[in-house]
Amino acid sequence: AHHERKALKARTAAGAVMSLESYTGHLPPQLALTLYRAQVDPHLTAGSEVALAARPEAIADLEDVQHTYLRRALGISKRAQITPLYTETGIWPLAYRRLQLAVRYLIYVLRDKPPLVEAAFSELWELTATHHASSWWGDLHLAALALPVPVRLPVHERPTTESLQACLAEITGSLAAHLRNRVRESRRLPVLQHRIANDCPPHAAPSLKSMCTFREYLKLDRQRQRVAITMLLFSEHPLAIERLRRAPAPRPIPREWRLCRFCKTAGTVEDETHALLLCPEPRLQHRRDSFFNLVFTERPALIRLQDRLSPSAFLDALLTTKDTLPALADYTADVFELYETTPMIVVSSREELQRMTTGV
């Protein structure tokens, strides 16, 4: 009941924040996230020191409010995947955020020793450790185990501030590993996968700073620029590689059938790197030449990178070069608009694919 009430209040607060757009126009993501932390997050985390999420579904309503707000702040649809909401904004998933607050509160109790609360915790710990009864301490242990990458609390050892600080570090590492794993496993986030491959070596533990932080492209001045890069990273763009995942068809359309609407050549899948860096369509090529002339003048070192790197790796280099972000965002928006205004090719059979690519 507590979670239901707080979800309702959080939804009301989120609606009030977003209603500002009717007076001010689109809220920049940085401002929208500041208002989220001030007006919405306090409701989503209220009582997290007491009402622990030992069952993940217990906070589903609260998570729904968070997801809806972050999607609105970034200007993406409800079809967008959830993981990038965190990797791109620096906001923590609620299960991690609430558990972190509960552990920090326990550190305060053990460090400052407020008499009644410390006495209550001592009794709760003994109930779990000695009598194996359900208690707040046991629920804290279960909430940690319920994380996507489980964290184990020493449930039968009396905690100390030092052991709980180590637990906080484990929670941080668990979150970084969880976000990395979800991006790696997704078939819809190829651009983010290249960034993670560069930031996180295969067998090294990822850092939370590299996995979950507010990204530079969200600070771009113009909404059109921010939306273009967001669409690219979230796979919310108009390219066939994404649109034909959900095309109305009796069965899923294979990846190799999602032909570029301009090339119509076998093997030319209409994906992000093809559209932005490879497609020979004259209008695209003309805009691409203008873009490269601009960025190569600003950063001559990119000329050597283009020769050395694969197209997908070079695209990642452009995305991580702060000086070229505005130009890349404008170019990406232009490319997406051109694709949006050109009818897409929908191939429904191998015979149709052969006729289309061979002209026979």
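**Ground rules**

I am reading a predicted model, where local features need pLDDT of at least 70, side-chain atom pairs count only at pLDDT 80 or more, and totals for chains, interfaces and linings use all residues. Residues are numbered from 1 along each chain as its sequence is written, and side-chain values use heavy atoms, with hydrogens and water left out.

**Entry: H15 and H18**

I began with two helices (DSSP runs of H or I, at least four residues, numbered from the N terminus). Helix H15 covers residues 282-298 and helix H18 covers residues 325-340. I found them packed at about 175 degrees, with axes 10 Å apart. The axes are lines fitted to C-alpha atoms over the stretch in contact, and angles run from 0 to 180 degrees between N-to-C directions. That angle is why H15 counts as roughly antiparallel to H18 (the label applies over 145 degrees).

Next I looked up who touches whom, contact being heavy atoms within 4.5 Å. H15 brings Arg283, Leu284, Arg287, Arg288, Phe291, Leu294 and Val295. From H18 come Ala327, Leu328, Asp330, Tyr331, Asp334, Val335, Leu338 and Tyr339. I sorted this contact into ten nonpolar, no polar and five charged residues. For the classes, Ala, Val, Leu, Ile, Met, Phe, Trp, Tyr, Cys and Pro are nonpolar, Asp, Glu, Lys and Arg are charged, and the others, Gly among them, are polar.

**Entry: H10 and H17**

On the H10 side I noted Val191, His194, Arg195 and Asn198, which meet Ser312, Leu315, Asp316 and Leu319 of H17. The contact of H10 with H17 has three nonpolar, three polar and two charged residues.

**Entry: an aromatic pair**

I counted nine aromatic pairs in the structure (rings of Phe, Tyr and Trp, its six-membered ring, with centres within 6.5 Å). One of them joins Phe121 and Trp136, 6.3 Å centre to centre with 85 degrees between the planes, and is edge-to-face (planes over 60 degrees apart). Phe121 sits in helix H7 (residues 115-129) and Trp136 in helix H8 (residues 136-145), so I was looking at a link between distant parts of the chain, 15 residues apart.

**Entry: the cavity**

I then searched for a cavity, meaning a set of points on a 1 Å grid over the protein atoms alone where a 1.4 Å probe fits but cannot get out. The structure holds one of 30 Å³ or more. The largest cavity has about 50 Å³ of space, a volume being the space filled by probe spheres set on the points. Its lining (residues with an atom within 4 Å of a point) is His26, Pro29, Ala73, Leu74, Gly75, Leu218, Arg226, Val227 and Thr230. H12 supplies three residues, the largest share of this lining.

**Entry: two pockets**

A pocket is an open set with protein on both sides within 12 Å along at least five of seven lines. I read about 440 Å³ for the largest pocket. Of its 26 lining residues, Glu63, Pro93, Ala95, Tyr96 and Pro148 are the closest to its centre. H6 gives the largest share, six residues.

By class I have seven nonpolar, five polar and eight charged residues for the second largest pocket.

Key: Angles under 35 degrees count as roughly parallel, over 145 as roughly antiparallel, 65 to 115 as roughly perpendicular and the rest as oblique. Rings of Phe, Tyr and Trp (its six-membered ring) pair if their centres lie within 6.5 Å; planes under 30 degrees apart count as stacked, over 60 as edge-to-face and the rest as tilted.
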